[in-house]
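Have a look at the structure first, then read on.

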Amino acid sequence: MKEIYFLLFAIPFITACHSLSIQKSKKSEKTFSTVIDHSYFQSQADWHYIKGEQASARGFYQLAIESFKQALVYKPHSFSLHFRLLDEYLKRGLYLQAIKQCDTLLKNKPDNLAALRLRKGEIYEKMKLYKKAHREYDQVLRKKPDHLKSLYQKANLHIQTKEFLSARSLLTTLIHLDEKNIPKIHYLLAQVDMETGQIKQALSHFKKAMRLQPDFAAPALALSSFYQKTNQTGKAINVLEELQNNIGFSSRLSLALFYFHTQQKNKEKALGYLQPFLEAHSKNWWVPIQLAWTWGQKQEYDKAIPVIEKILSMHPQGSSQIYILYAQFLEKIKNFSKTMEVLLRASRIFPRDTQVLFYIGFIYDRLGQADQAIKWMKKVLALDTNHVEALNHLAFIYAEQNKNLASAERMIVKALSFSPNDSYILDTAGWIFFKRGKTEQALEYLKRAYKNNPSIGMIAEHLAEVYYHLNMLDKSIALYKKAIGLETNEHKRKTLEKKLLSLQLEAYTNPV
């Protein structure tokens with residue numbers, strides 16, 4: 001608003017100067033007004049343009065739009081400004097505004113018709129208005145029948161909409177019009193053949209494209225993907241290795257070759273391709289870590305673990321989170337000795353990291369070493385008295401051991417004050433109250449825990465035990481059955497089955 005007010009005040013000032021200049025001489029009047037008008041409007045347009053570029057670079061696209069609009073107030077006929085505004089509309093996904101902007105430009109800048117029609121067609125494609133997109137490309141082709149970009153856009157659009165006969169017809173025409181891009185045309189024809197099930201013909205086109213342009217990555221990647229899907233991993237490797245020889249190092253290729261060699265169980269070659277990938281991203285750990293995490297989510301630990309190991313060999317003191325992620329992968333494959341080794345190494349590097357210390361205590365508890373688990377949970381609580389997971393875990397260990405129950409109750413009450421709806425904490429509270437003879441409280445907390453998460457076998461088991469203690473055998477039997485169905489540990493399941501059988505006999509011999 002400040003700029004607008006300034007302009008309003010400036011107009012009478014300029015007018016006054018203009019009238020004074022008439023009294024002096026017509027020549028000075030002309031020079032004065034031209035200099036004032038041009039320099040002021042140009043500086044304002046430049047200022048708002050710079051603001052728009054800065055906002056766009058920082059990802060503030062709406063602010064960029066407003067800035068470019070302000071610049072256009074001072075330079076309304078600037079084609080480059082209108083085109084920048086169009087780009088910002090597209091970044092925000094404001095396709096209708098982008099279409100209107102194209103139409104405005106088409107009215108005022110007919111010399112740029114082809115570029116604008118193409119852009120408008122691309123916008124319609126994004127909106128999935130394919131007929132309208134075709135119409136825009138056809139508008140260009142009516143005036144320029146051999147306009148290559150429009151022909152390619154139409155061919156690609158036909159492939160998208162599965163109009164393969166039309167796509168093939170256009171691509172065949174392009175072979176005679178665009179000799180410089182024959183490899184690209186073979187690649188597109190291969191895509192059409194793949195979609196129509198003409199596999200041999202598609203492979204032939206892929207190979208022609210690669211032979212004519214050895215550094216053309218798209219057909220090589222498509223061909224290797226086909227070989228992978230058809231369990232021809234060796235051929236996929238050959239294609240990608242040849243491409244890498246032709247184009248030099250590529251993160252994407254190195255990663256794909258690491259993946260394929262891992263599938264072939266060729267660990268040495270796999271790591272040979274992993275190393276340069278990690279070195280390329282040595283300053284951006286999140287790239288390989290994200291990759292390892294993604295493979296971990298897919299349970300492809302044979303691929304995730306080597307990535308983490310390589311990162312740690314290059315940056316052993318980088319981050320405790322990398323050690324934790326590594327330990328989680330090892331735990332998933334049940335390599336507990338290695339898990340503990342990794343976590344203990346992390347604890348020496350990060351002695352005050354409560355996540356690392358807690359994880360060590362958790363693994364010791366899982367291995368049945370309760371005394372060690374207690375020791376490490378106490379270390380966590382010495383550093384952070386409000387560590388909810390440590391409070392809950394230590395309280396639960398005490399409940400299982402049936403000792404220090406008063407202390408366990410204080411800890412779990414504290415944990416509940418931070419996380420009152422956590423199913424595991426509610427379960428621990430119920431179990432401690434049960435061990436302390438506070439059966440009604442135990443039942444209240446365990447029912448809440450089970451209602452929150454009925455898919456945890458341990459909670460069902462604890463609630464079944466309380467129901468049994470209250471002589472509610474039917475409910476107890478039903479929950480023991482549920483706990484057995486949820487239990488994955490074979491030894492624990494057999495124990496529960498014995499308990500269930502005992503309850504069923506008791507219910508049969510002593511009916512209520």
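H21 passes H22 in a left-handed crossing, a label used when the near helix is turned anticlockwise from the far one by less than a right angle (clockwise would be right-handed). Helix H21 covers residues 370–383 and helix H22 covers residues 388–401; they pack at an angle of about 150 degrees, with axes 9 Å apart. That angle makes H21 roughly antiparallel to H22. A word on terms: angles over 145 degrees count as roughly antiparallel, under 35 as roughly parallel, 65 to 115 as roughly perpendicular and the rest as oblique. Axes are lines fitted to C-alpha atoms, for helices over the stretch in contact, and angles run from 0 to 180 degrees between N-to-C directions. Helices are DSSP runs (H or I, at least four residues), numbered from the N terminus.

Keep in mind that this is a predicted model, where local features need pLDDT of at least 70, side-chain atom pairs count only at pLDDT 80 or more, and totals for chains, interfaces and linings use all residues. Residues are numbered from 1 along each chain as its sequence is written, and side-chain values use heavy atoms, with hydrogens and water left out.

Who touches whom? On the H21 side, the residues in contact (heavy atoms within 4.5 Å) include Ile374, Met377 and Leu381, and they meet H22 residues including Leu391, Leu394 and Ile397. By class, this contact has eleven nonpolar, two polar and two charged residues. Here Ala, Val, Leu, Ile, Met, Phe, Trp, Tyr, Cys and Pro count as nonpolar, Asp, Glu, Lys and Arg as charged, and the others, Gly among them, as polar.

There's another pair to look at further along. The axes of H24 and helix H25 (residues 439–452) come within 8 Å and cross at roughly 160 degrees, which makes H24 roughly antiparallel to H25. Their crossing is left-handed. Among the H24 residues in this contact are Leu426, Trp431 and Phe434, while H25 brings residues including Tyr445, Leu446 and Arg448. The contact of H24 with H25 has nine nonpolar, five polar and two charged residues.

On a 1 Å grid over the protein atoms alone, a cavity is a set of points where a 1.4 Å probe fits but cannot get out, and a pocket is an open set with protein on both sides within 12 Å along at least five of seven lines; lining residues have an atom within 4 Å of a point. Grid points are joined across faces, edges and corners, and a volume is the space filled by probe spheres set on the points.

| Space | Volume |
|---|---|
| Largest pocket | about 1600 Å³ |
| Second largest pocket | about 280 Å³ |
| Largest cavity | about 60 Å³ |

Of the 39 residues lining the largest pocket, Phe362, Asp365, Arg366, His393 and Met458 are the closest to its centre. H22 turns up again here, giving the largest share of that lining with eight residues. The lining divides into 14 nonpolar, 13 polar and twelve charged residues.

For the second largest pocket, H10 gives the largest share of the lining, five residues. This lining has eight nonpolar, three polar and three charged residues.

How many cavities of 30 Å³ or more does the structure hold? There are two. Residues lining the largest cavity include Met210, Phe216 and Leu243, and helix H13 (residues 233–247) gives the most to that lining, with four residues.

Technical notes. Helix = DSSP H or I, 4+ residues; strand = E, 2+ residues; numbered from the N terminus.
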